[in-house]
Amino acid sequence: MADELKFQEFEEATDLLSSDPGASTISISTPGIAGAAAASSSAVRLNLSDDEENQQESSGLLGSEQKTSGFWTFEYYQSFFNVDTVQVLDRIKGSVIPLPGRNFVKHHIRSNPDLYGPFWICVSLVFSVAISGNLSTFLTQKGDPQYHYRPQFHTVTIAAVAVFLYAWLVPLGVWGFMTWRQSASRQMIAYSFLETVCVYGYSLFIYIPTSILWTVSYEWLQWLLILIAMLVSGSVLVITFWPAVRDDTRMTAFSVMAAIVLLHALLAIGCKLYFFPAAAQIQPSSSVQNHTAVTNQSKPN
């Protein structure tokens with residue numbers, strides 16, 4: 001049994017060599033055979049690699065088809081909220097610490113613009129403005145005996161309309177103008193509508209702590225906080241959109257930047273004047289009521 005497992009020479013080959021010692025033999029180690037075998041194996045490998053590439057292409061095509069969904073499906077909107085906590089915090093940090101030459105779109109949101117952060121920032125700003133405004137009014141008039149506190153729920157609706165209209169209509173106008181002015185000769189930078197909305201949404205974050213601090217009933221402090229908030233958030237918008245319009249005419253570029261800063265300032269000033277009225281604007285009404293009450297009591301019956 002052990003002899004059968006050993007390598008043995010074929011009898012025909014032995015007889016051939018004994019009859020004709022000069023006969024040529026071919027071994028598997030012959031270069032020609034090895035080259036042919038290698039060529040055939042490479043051809044097989046080439047065919048296999050081609051098949052693998054075709055499979056990868058087909059799988060990639062199917063993947064792209066799977067990613068593309070209609071706007072009426074949940075998957076279409078799910079991609080707009082595909083961010084994690086680290087990314088959102090990094091973008092919030094970039095919106096409150098603007099650095100010269102550091103474009104917010106390029107360094108923070110170009111890889112994955114989202115609507116998650118802007119949506120919750122706008123919602124938080126609506127409630128912070130409405131609640132802080134009610135609290136500021138209560139603290140201002142709490143010493144008036146004629147004042148009776150009533151929750152002003154309508155301020156939530158007004159704040160929501162103002163904030164969300166600003167966060168959607170202004171980016172739409174800016175994006176539409178940049179798209180209209182873009183051309184090959186001007187070499188203007190193009191931002192998508194989602195990127196523009198994302199920039200405006202994150203730029204509003206600074207107003208959340210500012211609106212909470214507005215409850216302090218010091219007029220000079222409130223206006224100082226407004227100025228700081230407008231400088232911080234306005235700097236984010238200027239640093240982001242200036243590279244997109246600077247290649248246009250000088251008049252157009254400066255007009256666009258002035259409009260962006262002006263609209264941003266109007267939102268802050270409007271919220272301050274409507275939701276956080278000064279004590280001088282509230283006390284006269286109370287004084288008139290007190291004066292009317294005293295007059296009525298002094299009249300003879």
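Select Arg246, which lies in the loop between helix H10 (219-245) and H11. The model is a predicted one. Arg246 has a relative accessibility of 47% and therefore counts as partly exposed, since that class lies between 20% and 50%. Arg246 and Val256 are 10 residues apart along the chain, and their C-alpha atoms are separated by 9.9 Å.

**The whole chain**

How many helices and how many strands does the protein chain have? There are 12 helices and zero strands. Of the 301 residues in the protein chain, 32% are buried. Consider also the contacts in the chain with a separation of 6 or more: residues 24 or more positions apart account for 76% of them.

- Residues 220-242: the span is 100% helix and 0% strand, and its end C-alpha atoms lie 32 Å apart.
- Residues 254-276: the span is 96% helix and 0% strand, and its end C-alpha atoms lie 32 Å apart.

**Helix H7 beside helix H11**

Select helix H7 (residues 154-181) together with helix H11 (residues 250-275) and hide the rest. The axes of these two helices come within 12 Å and cross at roughly 180 degrees. H7 is therefore roughly antiparallel to H11, because an angle over 145 degrees is classed in that way.

Show the side chains where the two helices meet. On the H7 side, the residues include Ile158, Ala162, Tyr166, Val170 and Phe177. On the H11 side, they include Val256, Ile260, Leu263, Leu267 and Phe275. The residues of this contact of H7 with H11 divide into 13 nonpolar, four polar and one charged.

Within this pair, select Leu263, a residue of helix H11. Is Leu263 buried or partly exposed? Its relative accessibility is 38%, so Leu263 counts as partly exposed. Apart from its neighbours within four places in sequence, Leu263 is in contact with Tyr166 and Val170. Leu263 and Val170 are 93 residues apart along the chain, yet their C-alpha atoms are separated by 8.2 Å.

**Helix H7 beside helix H8**

The crossing of H7 and H8 is right-handed.

Which residues of H8 meet H7? They are Phe193, Thr196, Val197 and Tyr200. Among the H7 residues that meet them are Trp168, Pro171, Leu172, Trp175 and Met178. The contact of H7 with H8 comprises 12 nonpolar residues, one polar and no charged. Tyr166, Val170 and Val174 of H7 deserve a separate selection: these residues are listed in the contact with H11 and also in the contact with H8.

Finally, select Thr157, which is found in helix H7. Thr157 has a relative accessible area of 51% and is therefore exposed, as the class begins over 50%. The C-alpha atoms of Thr157 and Phe127 are separated by 9.6 Å, and the two residues are 30 residues apart along the chain.

Then move to Thr179, whose place is also in helix H7. At 41% relative accessibility, Thr179 counts as partly exposed. Thr179 and Phe193 are 14 residues apart in sequence and 9.6 Å apart in space, taken from C-alpha to C-alpha.

Conventions: Residues numbered from 1 in each chain as written. Predicted model: local features only at pLDDT ≥ 70, side-chain atom pairs only at ≥ 80, totals over all residues. Heavy atoms only, no water. Axes fitted to C-alpha atoms, helices over the stretch in contact; angles between N-to-C directions. Helix = DSSP H or I, 4+ residues; strand = E, 2+ residues; numbered from the N terminus. Parallel < 35°, antiparallel > 145°, perpendicular 65-115°, else oblique. Contact = heavy atoms within 4.5 Å. Nonpolar A, V, L, I, M, F, W, Y, C, P; charged D, E, K, R; others polar. Left-handed = near helix turned anticlockwise from the far one by under 90°. Buried < 20%, exposed > 50% of the residue type's maximum accessible area, 1.4 Å probe, protein only.
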